[in-house]
Amino acid sequence: MATLDLSDVSVILGGDTVVQSVTARLEPGKLYVLVGPNGAGKTTLLKAMASLLRLNAGRVRLNDEDVVTMPPMRRAAHMAYLPQERTIAWDLPSVDVAALGCPHLTPELARQKAFAELQALGLQEVSDRGVFGLSGGQRARVLLARVLVSSADIYLLDEPLIALDPAWQRHVLIRLRERAAEGRTVVLSLHDLHLAAQFADEVMLMHRGQLVKMAGPEIIFSAKHLSEAFNLKGELSIVDGQRMLRLESLPLL
Amino acid sequence: MLVSTSALNIGLAITTAVLVIALMLLGDVPLSLHAWGDALVRPGSVGAEVVWGIRLPRNLTAVGVGAMLGMSGALMQGLLRNPLAEPGLLGVSAGAGLAASIAIVLGLGLIPFVVEGFAMIGATAIAVLLLLFVQRFPQRQALILLGVGLSALCGALMALVFNLSPSPVTTAEILSWSMGSVQNRSWFDVLLTVFGLVVVGALSLHLGRGLRFLTLGEETARSMGIDMTRLTQAIVFGSSLLAGLAVAVAGVIGFVGLASPHLVRALGIKDPYRLIWPSTLAGGLMVLIADGCVRLIPASGELRLGVLTSLIGAPLFAILAYRSARSWMQD
C-alpha cells in the first residue's frame, strides 16, 4: 500500500507553466479520476507523479520518500504507468507484451499471469497473435493488461479508455475499481465525465494547470464547476443508487 | 513463434560450424589427401600452413565480421525502434572508411595494421562524438539526425580524398579496400572480432533487456526503471565498437547488419532482446556463405565480398520488405 503526496508541484514546459502549484494526497484503496478540458495539464501531472519529467518546483513523495531521488527500479516496483502514446515498435505476441508488466517473475510465470489478465480482458483467443494484427481496441486492452498484471501499489493511467467500445470502457473501469479495492492507489485521466461521475471515488478537476478542486463527484460535478471548467451545463443525480450526470452544451465562448 | 530462440541459435551455430569445415576444402592451392594428413599431424608442413594459417583464419574472420555486423544491426534496430537502422546509420562505418582511406592516400597501406588502426581511430572519433551528444540529447530522433549528418559528412570527405588522391593506383587501392574482403586475414583479425563480440555480447546480456521495454516507447521504458541515457550510451558504444572493428578488419560490407535481424524476425522472433544472438549468428553465417561464393564464382579477379553481400542482401531484403508490407496491408 502506498500514499502519494504532491506538494506545490509545478512544471514548466517550453516556457509555459503547464502544472501550477498542485498539492494533493492520494491514498490507497481509492480510484482517482483526473478530469479537465484539453490542455488542462492532466498528462503532465501524471508524468510528474511518475517522475518522468523534471519538476520546476515542489515534491512528489511516495510513502514519505521523494520519487525523484528514489532508485528507478524501486520506483518502478511501486508504480505502473500507462502513457497516452500507444505505440508498439515490434510485432510481439500479445501475451509477451502483457508479460512485460511483471519483469521480476520467471518468463513462464509472467506469461501465465499475462494470459490470465488477457483472458479477463477478453483477449484469450489472440494471446499468441502478434499485436500488429489486432484492432485498435484489442491493442489498447493488451497495453492495459501490461499494467494490470503489475504488482505495483500505484497505477497511473493516462486516458486508458481510448479506442475502447462502451462495454469495454465500463469493464476496464470495474477492473480498476477492483484493483483499488485491493488496496492500490489508482489514478487515471478521463474525458468522459459520465464515467468519471459513476466510477470515481474522488475527482481531481484540473483547469489551466491548476488543481481547481479534489473531491467526490457530487461536489466536482456541480453547475458552477461544469460551467467554469468545461463550458457545460449539467447536474448530477442519483438514479437507482447510481450517480448519473446529465450534460448540456452552453454556447461556445 | 515459428522456431524457439534456442533451437534457432543451435541450428545456426551447427550450420556455421559445418560450413566453416566444408569451406576449408576450398582454396587456390588444391590439397592432396596426404597434405591434409600432414596438416592434422605435422605443424609447419605446407598443408598445415595452408589449412591453419590461411583457410581457417579466413573462414573464422568471415564469421566474426558477419557476427559483429549482425549483432550491431540488432542492437541499433532495437534501440532506435526502426527496422531500417543498421550499423552504418550513425556514421561510424563511414568514419572508419574515411580514416582508412586517408591512411592509404598517405602511403601507409603497406605497413601492417596501419589501415586497420586508422579505421579504428576514425570509428572511435565518431563514437566519442555520438556518446557526448547522447549525454546531452538521448532522444532517438536527435541521434538519427546526427548520425545521418556525420555519415554524409564522412562520405563527402571520402569523395574529397578520392578527388585529391595522388594517383589512379591509390584511388583503385581505396576502392578495392572499401569493397570489403576477408582474403589473407590472420589470427589477429579473428582475435579482434572475438574481442568485439565478447565485450559487446556481455554488455548486451547485461543491458539488452531494456530493449524489450523500449518496444513500448521511451516513457514506458523509463517508467519501468530503465535509465534511457545509460542504455543509449551503452548501445551506441557497443554498436560503434562492432561496426568500427568490422570495417577495420574487412572493409565495408553492406546489408548484413540490416538484413540479419530481419531474417531472424521472418522466422518469428520479434523480441528485440531475444533477437540479438540469433541475428549475430545469422550475420556470421551470411558473410561466411558470401565469402564461400566469392571463392567459388569464377571471375577474372576474386569478386569482392562487400559487393557480393550487397548483391545477395539487397534482393533478400526487398523480399522481406515485400512480405512485411503485405502483412501490414492485412492489418
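At 64% relative accessibility, Asp64(A) counts as exposed, where exposed means over 50% relative accessible area, buried under 20% and partly exposed in between, with a 1.4 Å probe and protein chains only. This is a predicted model, in which local features need pLDDT of at least 70, side-chain atom pairs count only at pLDDT 80 or more, and totals for chains, interfaces and linings use all residues. Residues are numbered from 1 along each chain as its sequence is written, chains are lettered from A and ligands numbered from 1 in the order in which they are written, and side-chain values use heavy atoms, with hydrogens and water left out.

Asp64(A) sits in the loop between S4 and strand S5 (65-66) of chain A; helices (H or I, at least four residues) and strands (E, at least two) are DSSP runs, numbered from the N terminus. Its phi is near 70°, a positive value in a residue other than glycine. Ser51(A) also has a positive phi, near 60°. The loop that holds Ser51(A) runs between helix H1 (42-49) and strand S4 (57-62) of chain A. Ser51(A) counts as buried because its relative accessibility is 14%. Most residues other than glycine have a negative phi.

## Nonpolar cores

The largest nonpolar core has 139 residues. Such a core is a set of buried Ala, Val, Leu, Ile, Met, Phe, Trp, Tyr and Cys residues joined through side-chain atoms within 4.5 Å. Tyr155(A), Leu157(A), Leu176(A), Leu188(A) and Phe221(A) have the most contacts inside this core. Leaving aside neighbours within four places in sequence, Leu157(A) is in contact (heavy atoms within 4.5 Å) with residues including Leu46(A), Leu82(A), Leu144(A), Val147(A), Leu176(A) and Leu188(A). A second, separate core has 32 residues, among them Leu6(A), Val9(A), Ala40(A) and Leu53(A).

## Chain B overall

Chain B has 14 helices and zero strands. Its 331 residues would give a compact globule a radius of gyration near 20 Å, and the value for chain B, 20 Å, agrees with this. That radius is taken over C-alpha atoms, and the globule rule is 2.2 Å times the number of residues to the power 0.38. Along its principal axes, the C-alpha trace of chain B spans about 65 × 50 × 35 Å.

Buried residues make up 51% of the 331 residues in chain B. Of the contacts in chain B between residues at least 6 apart in sequence, 77% join residues at least 24 apart.

## Gly122(B)

Gly122(B) lies in helix H5 (residues 114-136) of chain B. With a relative accessible area of 9%, Gly122(B) is buried. Not counting residues up to four places away in sequence, Gly122(B) touches Gly95(B), Ala96(B) and Ala99(B). Gly122(B) and Arg222(B) are 100 residues apart in sequence and 33 Å apart in space, C-alpha to C-alpha.

## Cavities

The whole structure holds four cavities of 30 Å³ or more. On a 1 Å grid over the protein atoms alone, a cavity is a set of points where a 1.4 Å probe fits but cannot get out, and lining residues have an atom within 4 Å of a point. Grid points are joined across faces, edges and corners, and a volume is the space filled by probe spheres set on the points.

The largest cavity has about 60 Å³ of space. Its lining includes Leu75(B), Val200(B), Ser204(B), Ala234(B) and Gly238(B). Helix H8 (187-207) and helix H11 (228-250) of chain B each give two or more residues to this lining, and H8(B) gives the largest share, four residues.

Note on methods:
On a 1 Å grid over the protein atoms alone, a cavity is a set of points where a 1.4 Å probe fits but cannot get out, and a pocket is an open set with protein on both sides within 12 Å along at least five of seven lines; lining residues have an atom within 4 Å of a point.
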